[in-house]
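Dear colleague,

Please find below the structure that I am handing over to you. My notes on what was found in it follow directly after.

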Amino acid sequence: MVGMEPEQGRVIDFATAAKSARTPARGADSTEPRLLRQIYGEILRDERRDQDRSLEDVARTVGMSKQYLSEVERGRKEASSEMLRSVCDALELPMEQLLARGIRRMTAHRTLRTTGHAGVELCAA
């Protein structure tokens, strides 16, 4: 169109954007940065649900209470690195995947806050 500049190219991680939209932090203001425990909790919950596993099943495998796992998934409890490793092992989710997904969600949230677009910008390293 005349007088309009083309929109800058952007790579969007639709899977991350869809899961983030599906599981917003309860009561969280979209302008507030989310805590790492909230992001990790969402990822663990999404992975558990994708596997059609119950809280009780995963908690029993890990050796924790169902209530505690629920609190971790909702971002209300700060799980130790050992506990995160145990939950990841129970879900057969490599810890590296938890970390990578966490970075993608943090970046998607930051991009949404600063640009108004949900997505992840592609950066060359």
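**Notes on the predicted model**

Asp52 counts as exposed, because its relative accessibility is 72% and the cut-off for exposed is over 50%. Please keep in mind that this value, like every other value in this message, was computed from a predicted model. Asp52 lies in the loop that joins helix H2 (36-50) to H3. The backbone deserves attention here: the phi angle of Asp52 is near 55 degrees, which is positive although the residue is not a glycine. Most residues other than glycine have a negative phi.

Glu92 also has a positive phi, of about 55 degrees, and is likewise not a glycine. This residue sits in the loop between H5 and helix H6 (95-115). Is Glu92 buried or exposed? With a relative accessible area of 74%, Glu92 is exposed. Although Glu92 and Glu47 are 45 residues apart along the chain, a separation of 9.5 Å lies between their C-alpha atoms.

Another loop residue to look at is Arg76, placed between helix H4 (66-73) and H5. Its relative accessible area is 49%, so Arg76 is classed as partly exposed; the class of exposed residues begins over 50%. Leaving aside residues up to four places away in sequence, Arg76 touches Arg37 and Glu71. From the C-alpha of Arg76 to that of Leu35 the distance in space is 9.9 Å, while 41 residues separate the two in sequence.

Turning to the chain as a whole, its secondary structure consists of 6 helices and 0 strands. Along the sequence this gives the pattern α-α-α-α-α-α. The chain has 125 residues, of which 36% count as buried. Among the contacts with a separation of 6 or more, 62% are between residues 24 or more positions apart.

How do H3 and H5 lie relative to each other? The axes of helix H3 (residues 55-62) and helix H5 (residues 81-90) come within 9 Å of each other, and they cross at roughly 120 degrees. An angle of 65 to 115 degrees would count as roughly perpendicular, and one over 145 as roughly antiparallel; H3 and H5 are therefore oblique to each other. Their crossing is right-handed. On the H3 side, Val58, Thr61 and Val62 take part in the contact, and they meet Met83, Ser86, Val87 and Ala90 of H5. By type, the residues of this contact comprise 5 nonpolar, 2 polar and no charged.

Finally, a word on confidence. The mean pLDDT of the chain is 78, and 62% of the residues reach 70 or more. Over residues 1-10 the pLDDT is below 50, and this stretch has 4 contacts in the model beyond near neighbours in sequence. The pLDDT is also below 50 over residues 25-29, a stretch with 3 contacts beyond near neighbours in sequence. Where pLDDT is low, the predicted coordinates should not be read in detail.

With kind regards

Technical notes: Residues numbered from 1 in each chain as written. Predicted model: local features only at pLDDT ≥ 70, side-chain atom pairs only at ≥ 80, totals over all residues. Heavy atoms only, no water. pLDDT = per-residue confidence, 0-100. Contact = heavy atoms within 4.5 Å. Axes fitted to C-alpha atoms, helices over the stretch in contact; angles between N-to-C directions. Helix = DSSP H or I, 4+ residues; strand = E, 2+ residues; numbered from the N terminus. Parallel < 35°, antiparallel > 145°, perpendicular 65-115°, else oblique. Left-handed = near helix turned anticlockwise from the far one by under 90°. Nonpolar A, V, L, I, M, F, W, Y, C, P; charged D, E, K, R; others polar. Buried < 20%, exposed > 50% of the residue type's maximum accessible area, 1.4 Å probe, protein only.
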